Amino acid sequence: MVNQFAINLAFYMLMPYLAAHLAGELGLAAWAVGLVLGVRNFSQQGMFLIGGTIADRFGYKAPIMAGCLLRTGGFALLGWVDNLPALVAASAATGFAGALFNPAVRAYLAAEAGERRVDAFAAFNVYYQAGMLLGPLVGLALLAADFRLVCTVAAAIFAALTLLQGRALPVRRATAADADGEGVLAQWRQVIANRPFLLFSGAMIGSYVLTFQVYLALPMAADAALGADGTKVTSGLFVLSAAVAVAGQLKLTAWAKERWSRPQAMVRGLAAMGLAFTPLALAPAAGTGPWYLSVELAALAAAVVLLAAGSAVVYPLEMDTVVALAGNRLVATHYGLYNTVSGLGITLGNLATGALWDFATAHHALWLTWAALTVTGLGCAGAVHALARTGRIGAPAPVPVAV
């Protein structure tokens, strides 16, 4: 838990300000800034399957340590180099580092938590979101001195994590992952042949597209409505989203477990994520004055709160479902492929959302964007419901949990 908090603290104290550093202080062209950021995303999302496979073959501790060590070097380079090839190499290193430790961390947590996986993943998300909440604030404070200081401190955090993990983490190998001496391709064939897992991965793509709108559609809506003040509002939306998760995650998880089975809770959480965009669809399309700005701010805040609350219900149950569908075998590889599928879905979903936004803006019909996102969430909920009804994902009885 502390490991993931520190990872997110260090990551988010640097990454939100990297583009401004590249374009401003270093004077890179827009295409070069896009290249550096794109390489980081591709080297992480595209390599999750590799990272998960490594974790299942060699144990969880080694890739966690290797990923943190690699990110130590990558973050240090981002602050101290100024030529494009070195920046691209540093960006690729930071991305691949995430692909190494992310599947291993989740598989490690699932193995250690045993029957309490849902509770463990709920607590995990609290630490995860807390790091996202504090990281940008710490980065902003350090940025007042120098961007290099931000990078140096972030790299130092990852270096300290590497040392602490070497001392504290016990060695854990995947359950029966390599018992029969099977090769990597055989492992991948087993995962790809897991039809219920693949169907569930596809059904959940929409949830990741919706979650990412905190970075895409919601900031664009803030800018469109509030102009120069849109950036400040966007920062407030980030803080509000993380605060809802930190404050409400454990209570929401316990509340959902008391009332519904795992699939029922996921369906309701996904529906809530889709319905989060209805306040924006119902808000006035244009206007001026305090009343209009108040309505827009209220709609944005309501969207963020409902989206974060729905995601808080879904996340721990979703992670538990991946382990259940994996049959507790090759768990990290399953997580790796799951993250790769969701990453590809985010990319395609963002392209579609951006294209729809441009079309809707040109025709003065932004409600189309919000309606499409709402339909995406409801469709995702319907797909999970269908999988549950056909028995492709389990439906254990609700377990009472004291709040």
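1. Buried means under 20% relative accessible area, exposed over 50%, and partly exposed in between, with a 1.4 Å probe and protein chains only. By that rule, 50% of the 403 residues of the protein count as buried.

2. This is a predicted model: local features need pLDDT of at least 70, side-chain atom pairs count only at pLDDT 80 or more, and totals for chains, interfaces and linings use all residues. Residues are numbered from 1 along each chain as its sequence is written, and side-chain values use heavy atoms, leaving out hydrogens and water.

3. The protein has 18 helices and zero strands. These are DSSP runs (helices H or I, at least four residues; strands E, at least two), numbered from the N terminus.

4. The largest nonpolar core holds 104 residues. Such a core is a set of buried Ala, Val, Leu, Ile, Met, Phe, Trp, Tyr and Cys residues joined through side-chain atoms within 4.5 Å. Leu14, Phe75, Phe200, Leu218, Phe277 and Trp370 have the most contacts inside it. Helix 16 (residues 289–326) gives the largest share of this core, 14 residues.

5. Take Leu14. Contact means heavy atoms within 4.5 Å. Beyond its neighbours within four places in sequence, Leu14 is in contact with Phe75, Leu78, Phe147, Val150, Cys151 and Ala154.

6. Contacts across the protein: among those between residues at least 6 apart in sequence, 84% join residues at least 24 apart.

7. Helix 17 covers residues 331–362, 32 residues in total. From first C-alpha to last, helix 17 reaches 46 Å, close to the 46 Å expected at 1.5 Å a residue (1.5 Å times one less than its number of residues). Just after helix 17, His364 takes a positive phi of about 55°.
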